[in-house]
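Hi everyone, thanks for making time. I'd like to walk you through the charged pairs in this structure and then its pocket, so let's bring it up on the screen.

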Amino acid sequence: MAALRLRKSTVSLRCCLPLLCALAAPAAFATSLDLPALIECRQGVAEQAALAPLLADPLKAVAQGLQPLPQGNQFMSEFRLAGPITVFGQQTERVAVAGTSIMAVLDQADPRPLAKRLELETGYDQDGKFMAGRELVSRDVTDPKTGEAQIESIILSVSTVASHPGKTLAGCTYSLDLPEEEPAPAAPTPATGSH
């Protein structure tokens, strides 16, 4: 009887071990996830790309302290953090993600002072909408898998959005783009004339 109980507990432990390892794995990822650095453009495209699978799975996001919030804007997903972070000298417990952009949602009605302090170029400022940004990085990189030439771009921005009155969105956009193709040289036109 004792041997049977021991075998059952060994089987249960064997069954649970992979689950325990899987639950422990995100904690290791959490230490490498530096949201303030991502938001303040102090990371690269690779670090930002590691965030995507995490945010695509609500259970993984929650395990990392990112609780999905109801979507108030169809173009971005918003998360409440387990604890506050400090970005651009301000504390927040909310972040928003839109495509390859990750932004802090700041309790600041006027975005202009922050944009000025960050030395951003105003792109739009009328009808209650504000957008300012600055490209911090634009460099040629090579895709390690394909060998394809690409351009890594990192843009710092501050903006407002109608779905979040009284708030300022501040953060970073990371992208990899293909270089613009050189226009093909014009084919020589055949000479016309009489034979």
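**Salt bridges and the pocket**

Let me begin with Arg112, which counts as partly exposed because its relative accessibility is 38%. For that term, buried means under 20% relative accessible area, exposed means over 50%, and partly exposed is in between, with a 1.4 Å probe and protein chains only.

A word on the source: this is a predicted model, where local features need pLDDT of at least 70 and side-chain atom pairs count only at pLDDT 80 or more, while totals for chains, interfaces and linings use all residues. Residues are numbered from 1 along each chain as its sequence is written, and side-chain values use heavy atoms, with hydrogens and water left out.

What does Arg112 pair with? Its salt bridge partner is Asp110, with the closest N and O atoms 2.8 Å apart. By salt bridge I mean a side-chain nitrogen of Lys or Arg within 4 Å of a carboxyl oxygen of Asp or Glu. Asp110 is partly exposed too, at 34% relative accessible area.

How many salt bridges does the structure hold? There are six. One of them joins Glu78 and Arg94, whose closest N and O atoms are 2.4 Å apart. That pair links distant parts of the chain, 16 residues apart: Glu78 is in strand E2 (residues 77-87) and Arg94 in strand E3 (residues 90-98). Strands here are DSSP runs of at least two residues, numbered from the N terminus. Glu78 counts as buried, because its relative accessibility is 8%.

Next, Arg139 forms a salt bridge with Glu152, and here the closest N and O atoms are 2.8 Å apart. Arg139 sits in strand E6 (residues 129-142) and Glu152 in strand E7 (residues 149-159), so this pair ties together parts that are 13 residues apart in sequence. Is each end buried or partly exposed? Arg139 is partly exposed at 41%, whereas Glu152 is buried at 7%.

Now for the pocket. E6 gives the largest share of the lining, four residues.
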